[in-house]
Amino acid sequence: MTGAKVLLMMGCPEVPIQTSIALYLSHKLASLGFDVTVAGTGAATKLLRVSDSDSYYVKKLVNLDKTLEAIIEDREDFDICFAFMHNDAGMTYAATMSSVSKARMYSIVFGRNAEDLAETVEFDCEKIVAKGAHNPAQLKNKLDKVVEGIVK
Amino acid sequence: MSCIEQMKYEILLNKTTYKDAREYIKENSDEVYYVPPGYKIFNDYHIIGVPPIALGVKGSALIFTYTKPCYGSFVLTIDNEDSIKEIDRLREKEKEKVTASLKKGKPPESSKKPSGSFLDMWKK
């Protein structure tokens, strides 16, 4: 899988663990040889850029809507996509991605209503569900196992 | 920012779930058409949504969903020359679908009166 193109799709950054997990996952995957792009809303990308001002953890940071548009118009695509979601809108964006891209989908469902939200995910994907909103440890541990499975 | 936000629109339903937005369109439109996610309307807006994406028609107004990551899904309506063009395009596509079905010898499926669940329809 080395060199495979991975997209991390960030939604609304209201729940704190999204930013820390995006930084962590981006760096982990890049260290393993994946070509990682992180896409987010305006606010989500600003949070990430300030946290990682030298682009050490996130090399490619792009706008979520423009990236989806490029995929829809067949100008770009990815092999793997991790879609962050803590609300219905995040799930809606991920469902769109699942429909327009050939990427293997992983839904990262987090926040206080993670379990209920996970039940609304009907598209084909692997769900990584953790109830946390402030403590990223549980989600990090689950993602470590998923990444381990991908690189096997 | 999509051109939608610069157009003269009316909000019919506010900050809801995608599923509820779709139900609203189904219940409050004279005609309903189903398109895949990413379907482009008004030149540059690719619709974000859980398939099947419902587009409603009421008179000369187009009714559609608009999803914002931090606020949820909205049902918007636009009634102008552009909406009339979009409605004509949808009707034309529907006609093409029916013609294609007839050529294959299958009975045409009308999207105007949906039967069964949305998911069942999408799987067809």
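1. Helix H4 (residues 88-100) of chain A lies across E1, E4 and E5 of chain A, at about 165° to E4(A). Helices (H or I, at least four residues) and strands (E, at least two) are DSSP runs numbered from the N terminus; contact here puts C-beta atoms, placed from the backbone, within 7 Å. Axes are lines fitted to C-alpha atoms, for helices over the stretch in contact, with angles from 0 to 180 degrees between N-to-C directions.

2. Housekeeping: this is a predicted model, where local features need pLDDT of at least 70, side-chain atom pairs count only at pLDDT 80 or more, and totals for chains, interfaces and linings use all residues. Residues are numbered from 1 along each chain as its sequence is written, with chains lettered from A and ligands numbered from 1 in the order written.

3. On to the sheet: six strands of chain A form an open, parallel one, ordered E3-E2-E1-E4-E5-E6 (pairing takes at least two DSSP bridges between two strands). E3 (60-63) and E6 (126-130) of chain A sit at the edges with a single partner strand each, so one side of each has no neighbour in the sheet. Twist averages 20° from one strand to the next.

4. E5 (residues 104-110) of chain A and E6(A) are joined by five bridges; Val109(A), for instance, has Val129(A) as its bridge partner.

5. H1(A) also lies across the sheet strands E1 (5-9), E2 (35-40), E4 (80-85) and E5 of chain A, running at about 160° to E2(A).

6. Finally, the chain contact: chain B puts in 16 residues and chain A 17 residues. On chain B's side, strands E6 (61-68) and E7 (72-78) of chain B each supply at least two residues.

Note on methods:
Contact = placed C-beta atoms within 7 Å.
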